[in-house]
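Walk through this structure one region at a time. Keep the coordinates open as you read.

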Amino acid sequence: MSTVRSVKSAALPVFPWDTLADAAATARAHPDGIVDLSVGTPVDEVAPLIRDALAAASASPGYPATAGTATLRLSAVAALERRYGVTGLAESAVLPVIGTKELIAWLPTLLGLGAADTVVIPELAYPTYDVGARLAGAQVVAADSLTQLGPQNPALVYLNSPSNPTGRVLGVDHLRKVVGWARERGAIVASDECYLGLAWDAQPLSVLHPSVSDGDHTGLLAVHSLSKTSSLAGYRAGFVAGDQALVRELLEVRKHAGMIVPTPVQAAMVAALDDDAHEVEQRDRYARRRDVLAAAIRNAGFTIDHSEAGLYLWATRGEPCRDTVAWLAERGILVAPGEFYGPAGAQHVRIALTATDERITAAVQRLS
């Protein structure tokens, strides 16, 4: 009798949010319902101009181009320059992706990395950096400073500024040092810039900005998402830009793998990238929510660290993070334990700003 082999790819960890089931049940039992601040998923309406563009392109029976339309690539180039001061980027150095989590999860594999290669991730990091390295069979090193790495010659170095989960913004000197160090060793720098448009107390820079790259994008990839600033998480809309040769390499592999952004989503992305007004409106919503929620968190005895930008408050009560999760769950508020992002987060929780104004108000009242 034959047996079916169980597949456990690269010894992947348990999906972190699956471990929140008990806390979520406690929070849902609150008489006024749960305030779910555990995941950075948008809740606000997609701008009508984006929905209109999606609908107008819906009669698209043919296969889309993996490279995306020229219009989309040009819109991305223009938006990066207009919004973030990135110059000198060629249209052919942009590639749409099916949400940036997909790209990050498969980037080491797409680049051909394997057991002989090392991937450097931040000490507090989005879990998918580690997962992507595991899927490729590569080694992972968590480090925040170059001195920690010693003589290592990694194949890929991840940057994340503003950071998920901490909201920390890396300064230009830090970014330049990492880029210079990586270039000396022939390493690729992948900069996760999904929160670049959500600056509060500090101004983050793209790794492609001339003050960081000196106008040379060799070895650099910047990963951008429309999930946060345009509320398009449901559309799976993102792109990667930077080194033309690397983007061309990614394109060739993605053609074979069928990793293609649907035509209507590409049209919606153009509308989102060409219009700054809806982005500013969404950023203002998050700013208002951040102000009231941060005040309530501090008044409840928490300390907020970093959180200069992005969609989260990185907060602590000086106790194990799961104790804090439980304390908040008793008040009907669900948050993410800092240990999701690495051992250094053992006494912090990540509190998302992605809830409606009504739910944010409910959280503030409960914390009072």
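**From a loop to the sheet and the pocket**

Serine 227 sits in the loop that connects β7 to β8 (238–242). The model is a predicted one.

Is serine 227 buried or exposed? Its relative accessibility is 7%. Buried means under 20% relative accessible area, so serine 227 counts as buried. What does serine 227 touch, leaving aside residues up to four places away in sequence? The contacts are Pro42, Leu232, Ala233, Arg236 and Ala237.

Now take the sheet. Strands β7 and β8 belong to an open sheet of seven strands. The order is β2-β8-β7-β6-β5-β3-β4, and the pairing is mixed. Strands β2 (94–97) and β4 (139–142) stand at the edges. Each has a single partner strand, so one side of each has no neighbour in the sheet. From one strand to the next, the twist averages 20 degrees.

Helix α6 (residues 172–185) lies across β5, β6 and β7 (220–225). Helix α6 runs at about 170 degrees to β5.

The largest pocket holds about 1,000 Å³. It is lined by 44 residues. Which of them are closest to its centre? They are Trp17, Lys101, Tyr126, Pro127 and Thr128. The elements that give two or more residues to the lining are α4 (100–110), α5 (127–136) and β4. Helix α5 gives the most, with five residues. Strand β4 is thus a link between two topics: it is an edge strand of the sheet, and it also contributes to the pocket lining.

Follow the chain on from β4. Asparagine 153 lies in the loop between β4 and β5. Its relative accessible area is 54%, so asparagine 153 is exposed. Between the C-alpha atoms of asparagine 153 and proline 31 the separation is 55 Å. Along the chain, these two residues are 122 residues apart.

An unreviewed UniProt entry carries the annotation "domain: Aminotransferase class I/classII large" for residues 34–367. In the model, the end C-alpha atoms of this span lie 13 Å apart. The span is 40% helix and 15% strand.

Key:
Residues are numbered from 1 along each chain as its sequence is written. This is a predicted model: local features need pLDDT of at least 70, side-chain atom pairs count only at pLDDT 80 or more; totals for chains, interfaces and linings use all residues. Side-chain values use heavy atoms; hydrogens and water are left out. UniProt positions are given in the numbering used here, feature names are shortened, and annotations may be inferred rather than shown by experiment. Helices (H or I, at least four residues) and strands (E, at least two) are DSSP runs, numbered from the N terminus. Two strands pair if DSSP finds at least two bridges between them. Axes are lines fitted to C-alpha atoms, for helices over the stretch in contact, and angles run from 0 to 180 degrees between N-to-C directions. Contact means heavy atoms within 4.5 Å. Buried means under 20% relative accessible area, exposed over 50%, partly exposed in between (1.4 Å probe, protein chains only). On a 1 Å grid over the protein atoms alone, a cavity is a set of points where a 1.4 Å probe fits but cannot get out, and a pocket is an open set with protein on both sides within 12 Å along at least five of seven lines; lining residues have an atom within 4 Å of a point. Grid points are joined across faces, edges and corners, and a volume is the space filled by probe spheres set on the points.
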